[in-house]
Amino acid sequence: MKSPGWSLPIPLLFLLPACAVIGAVVLYPALRVVMLSFTDYNMINPPQSVGWANYQRLWADPLFWSALANSALYLIVVVPVLVLIPALLAILVNRALPGLAFFRAALYLPVVTSLVISALVWKWLYAEQGLLNTALRASGLVDDPIRFLTEPENALLSVMAVTVWSGLGYYMVIYLAGLQSIPAALLEVAELEGVSRRQQIQYIVLPLLRPQMAVVAVMSGMASMKVFEEVYVMTQGGPLESTKTLVFYLYESAFVDFELGYAAAAGVLLFILTLGLSLINLRLLGKS
Amino acid sequence: MQLAPFHNDYVKGLLDNFEARHPGVRVKWVDVAWAEMERKVLASLAAGTAPDVVNLNPQFSARLAELGALENPRRHLSDQEIGAFVPAAWHANQLAGVPFALPWYLSTTIHVVRQDLLEQSGVQAPRSFDELPAVAQALRRHAQCYAWFAPMDGSLALETLVSMTGALLSPDGCRPAFEGETGRLAFEFLHRLYRQGWVPPTVLTEGHRGAVQQFLAGDVAMMPTGMQFISQMKRTNPQLHQHLRITPQWLRPGTPPNIAVMNLAVPRTARNPELAMRLAQFIANSDNQLDLVKRVPLLPSTRRSYEDPFFERSTGDDLLDEARRVSQQQVFEGAVQVPPLRHYAKLRASFVRQLQLAMTGRIGSEAAIVEISRVWVPLLGCRK
Amino acid sequence: MRQPHLPRSIAWRRRQDAALRYAALVMATAITVGPFLWLLSTSLKGPGEVLQGSGMSLWPQSPTLENYRQVWASQPMLRYLMNSMTVSLLAVGCNLLLCSLAAYPLARMKFAGRSWIFIGLLATMMMPFQLLMIPLYDLAMSLGLHNSTLGLVLPHACTAFGIFYLRQAFLAVPQALEDVALMEGVGRLQLWWHVMLPLVRPSLATLAVFSFVAVWGDFLWPLILLDDPQHYTLPLGVNRLVNAFSLDWRWVAAGAVLSLIPILMVFVFSQRFFIEGALKGAIKA
């Protein structure tokens, strides 16, 4: 017996506790931050209204634009990598072969470890005399150590590598779940008809993983815009601001320069950008 | 800051003592790691839960003072109490002539060098910047290591420049002192160090802590530091200890050596500023500072403490003795090379950025200096 | 059902496939696990052993537990562990409850304002924490949550991500099951508890592990909220080591390994649940 009058309160009752928490913990601070973006606030003295001054300053600040460029680069490089490679990894581990459970777990390992520790280990590995360089030199591949984190041209890529490394397993599992909905019969038939493995993957499996790819693209895109811990631990935005992402720029404005109003304005812009990007992303992937 | 867990007894004893003299008062001590200190203090000030007495470094406390957050010690301390401090240390905690904190412990900049690498290369430790290139070349050829690490975190980059040029600001305080030929040569020199591979590329990204790491790993032969790090170096790498030597800070003739003073500040938000200032003064008085430096390799900022025979006795470690001797010598002739300034954070940021661009050769030294001046002059805010 | 005798070309191809598969996996695993082995190795090296440069070896020549002993003695690692545990378990519990409650109407019911809630939730996922933490800190302070477990748990108590994730799970449940129950007059709440939740258990387990890992590794928020070391969580504890003046990488490595052990144990026990859960029986793809 369905009663139309019931359809209002019940959903809201279900939603209430969650919305209350999110409201208090995310929405209220977010609103407060928008308010702050129109002020000059250094945490010690009360906020002073300055209108659009912060936004004007941001527009004119070359550092902001370079941080923006760095975050954009992050998107361009990391998202495609994280859309593709974990899918391939998922395909690799999606079998009942002996020992594969171990591999699945091993690939997931970087995901469970705290990003602070991961970044620390990688910083150690990237060092001029660290394991990577020592191995590269010992094997004769390079003569001089590679400046992974100290050469502005390399630093951002090196940091991106760590982000990718820690995210592989996470997205792999998303793809694994998606692979389950691909009927086994489909592939068995293909195999019997002589379709090669590579062709199977390319023409059957990957296209069927489209929905997961959409999810991964959006999620990894948002994660790319929020990169912080890796930069904080490994390079502190250097060398020469080459790894200063938007969020790090934000953090510095707030906690090193004590300019919270300005940081708030940067944050609002960051938010608008991320929102826009995700919407575009969804549109694009939804259409095809 | 960072006294726990090794010096729990000292602090506890100190606070118990204070509580005994001021019945009814309880003192709670919170130890914070160096790197997170600034953010913590800031957040606590914002939320009104800041401690009544804070142990800070000069740059950060100057920033707080600029925002009017710190109590002026002169309002609570007698002239006699103020006079107990080494003058340079007392003046280090003033912004535009207004004190904002009490000096606590200090150290001076000294150089620690790898004698073994120097001997291997057939050279002596340089006594000035002029002698560095020749030594650096020898080290590169015979020991395959970097000669020197120039840390650039905090005020260190500016201090390096001041040691090379003699002053930070022009005599009237309105322009940077390195605008002239001396400054240009200094920038060129640092560019040369980087280009020739005599300093490691990590000077761009690592600060003093990273420098210590590389030094102990044998990548770098010499670095500027303070005596408080000598014992830690020994603990981390005991075998290296015997090969280390201390030399005074490299200075352009006529430049006072650098003193780094840590302080005790009382935020204006303290519920009882008078009492808080009493506590600060108690911690920083001659006897207690002497007590502290007997346990921790640092120097006191109170003049009378230096008269104690403790300073004549060996600490049991030759290297530490030497470090202390050299540091001590520099105290009474020294000055804080980078005093508290208004808008310091912006001044510093602009300086380090342009210097790094010049060092890596992305812009010329002259262009870098011009850009720095362009930012500094309005911030220094003189009327002309 | 497999045929008893596969054509030879297919059997051969299958074996080739398996061989390549294992080879590729070994390489991939070397990359994901390698750094941790290196961490472990560093933590076992004595003071005399070279950590970097040409003198270093992959494995310690004379492994020692001394670094662990030192770290354990100088830092209350057990305390940190307990704190991390408490906060993580509480946060995960809340998260599962609140998110599954909220995901249900978003998956199954139509009501006014539904798209607004959707957009609102999506929007919250894009807010970087670094932006929100100042007002959040203020809020926590004024509620007296300084140095409290509740304060640590709250930001994780419910996430938009969790809601969306469980919504996906609910959407996959056949509508027919629900319709039958509804027609028999079962209330929505009972339906949710007795029918829907058990059906999405793998997703719940997955979300639980994801949330656990996120809360466990949370660094910035505890850093701001806590100044009493008695309340520190493990990442703060390891960070304390790194920032100690007496920087010794062996200690840091030992501390890092210690803080990884619990999460690894959780992972080993639960991955059967969710990675394997993602496989749900049908294997070939």
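**Exercise 1. The interface of chains A and B**

Between chain A and chain B about 2,300 Å² of area is buried, with carbon and sulfur atoms giving 57% of it. The model is a predicted one.

Task: Describe which residues and elements of chain A form its side of the contact with chain B, and state how many salt bridges link the two chains.

Solution. 

Step 1. The contact involves 27 residues of chain A and 26 residues of chain B. On the side of chain A, the residues that lose the most area to chain B are A:Ile44, A:Leu240 and A:Phe258, which together account for 28% of what that side buries.

Step 2. For the charged pairs, the criterion is a side-chain nitrogen of Lys or Arg within 4 Å of a carboxyl oxygen of Asp or Glu. The count between chain A and chain B is 3 salt bridges. One of them joins B:Arg362 to A:Glu153, whose closest N and O atoms are 2.8 Å apart.

Step 3. Two or more residues on the side of chain A that touches chain B come from each of helices H5 (115–126), H7 (152–179), H11 (229–234) and H12 (246–255) of chain A. H12(A) gives the largest share of that side, 3 residues.

**Exercise 2. The two domains of chain C**

Task: Characterise the interface of domain 1 and domain 2 of chain C by its area and its polar links.

Solution. 

Step 1. Domain 1 of chain C covers 8–64, and domain 2 covers 68–282. Their C-alpha centres are 31 Å apart.

Step 2. In the contact, 11 residues of domain 1 of chain C meet 8 residues of domain 2 of chain C. The buried area is about 710 Å², and carbon and sulfur atoms give 73% of it. C:Leu39, C:Ser43 and C:Leu51 supply 55% of the area that domain 1 buries against domain 2, more than any other three residues.

**Exercise 3. Helix H1 of chain C**

Task: What span does helix H1 of chain C reach, and where does H1(C) bend?

Solution. 

Step 1. Helix H1 of chain C (residues 8–43) has 36 residues. From first C-alpha to last, H1(C) reaches 51 Å, close to the 52 Å expected at 1.5 Å a residue.

Step 2. The bend in H1(C) is about 45° and lies at C:Val33, with the proline C:Pro35 following within four residues.

Notes
Residues numbered from 1 in each chain as written. Chains lettered and ligands numbered in written order. Predicted model: local features only at pLDDT ≥ 70, side-chain atom pairs only at ≥ 80, totals over all residues. Heavy atoms only, no water. Expected span 1.5 Å × (residues − 1). Bend = angle between axes of the 7 residues up to and from the residue. Domains from an automatic or database assignment. Contact = heavy atoms within 4.5 Å. Buried area = accessible area lost by both parts, 1.4 Å probe. Polar contact = N/O pair within 3.5 Å; in protein donor to acceptor, adjacent residues only side chain to side chain.
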